[in-house]
Amino acid sequence: RLQVPYTLRDVSVRDNDATPEERQRRVIERLVAPGFAPARAEWINRRTQELGMQAMQGEYEARREGRPPPSGDLEATTLRAELGEQDYERFLTAQGRSTSVNITGVLASSPAERAGLQPGDEIVSYDGKRVFDIGELNELTLGGTSGESVVVDVRRNGQNLQIVLPPVRDERSRELLREFGRLNGADVREHLFRAGPPHGAGEH
């Protein structure tokens, strides 16, 4: 049986013993904290419930009919379009979710290092498109046009700057993807190319 989901994905331990009404109130409070007006927070809460139900219904019907489940995150695509980038970032902040891609390692002598990308940088947009997580960055990197430079907006020590990645061909694009292997704890090299860890991987 389908059940109405709670809207915030990361529910704290102290919410486990709360009543449904208390949980909903806390959801609203978490949305108000980053700057949403109470009425707007209530609308977002209702909308995420609706989208959650639609996603669950889609998965249920796919299983019943023996076909693959719908691809993509309905909440991410629909709510992001409805809220706009700035408010969607607030929404993610309210949930304690990522709003940028953290660089934890850059391969020596790689195109990204030569362009100036450094460990600790936070990528906030790629080729003019806002990115909130590693999945979005992967899609943009894979879908880029070879032979063209790409402007990456980066936050470094609280300062915003732009880094221009040099033109790359297909193999060079793969090299860039390989070095994004330790972003937000996701190993893109292993996932995409079954490549081994780079020199220094796993060091702390």
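Modeller: A charge sits over a ring if NZ of Lys or CZ of Arg is within 6 Å of the ring centre and within 35 degrees of the ring normal. The model discussed here is predicted.

Colleague: Over the ring of which residue does the charged end of R90 sit?

Modeller: For Arg, the atom that counts is CZ, and the limit is 6 Å from the ring centre. The charged end of R90 lies 5.9 Å from the centre of the ring it sits over, and that ring belongs to F36.

Colleague: Are the planes of Y88 and F132 stacked or edge-to-face?

Modeller: The pair links distant parts of the chain, with Y88 in helix α4 and F132 in the loop between β3 and α6, 44 residues apart. The ring centres are 5.4 Å apart, and pairing requires centres within 6.5 Å. The planes stand at 65 degrees and the cut-off is over 60, so the pair is edge-to-face.

Colleague: Which residues form one aromatic cluster?

Modeller: The structure holds two aromatic pairs. Y88 and F132 are both buried. The cluster consists of Y88, F91 and F132.

Colleague: Is T99 buried or exposed?

Modeller: T99 is found in the loop between α4 and β1. Leaving aside neighbours within four places in sequence, its contacts include L92, V131 and F132. Its relative accessible area is 16%, and the limit is under 20%, so T99 is buried.

Colleague: Which residue caps the N-terminal end of α6?

Modeller: Within α6, the buried residues include I134 and L137. The backbone nitrogen of G135 lies 3.1 Å from a side-chain oxygen of the capping residue, D133.

Notes:
Residues numbered from 1 in each chain as written. Predicted model: local features only at pLDDT ≥ 70, side-chain atom pairs only at ≥ 80, totals over all residues. Heavy atoms only, no water. Helix = DSSP H or I, 4+ residues; strand = E, 2+ residues; numbered from the N terminus. Buried < 20%, exposed > 50% of the residue type's maximum accessible area, 1.4 Å probe, protein only. Contact = heavy atoms within 4.5 Å. Phe/Tyr/Trp six-rings, centres within 6.5 Å; stacked < 30°, edge-to-face > 60°. Polar contact = N/O pair within 3.5 Å; in protein donor to acceptor, adjacent residues only side chain to side chain.
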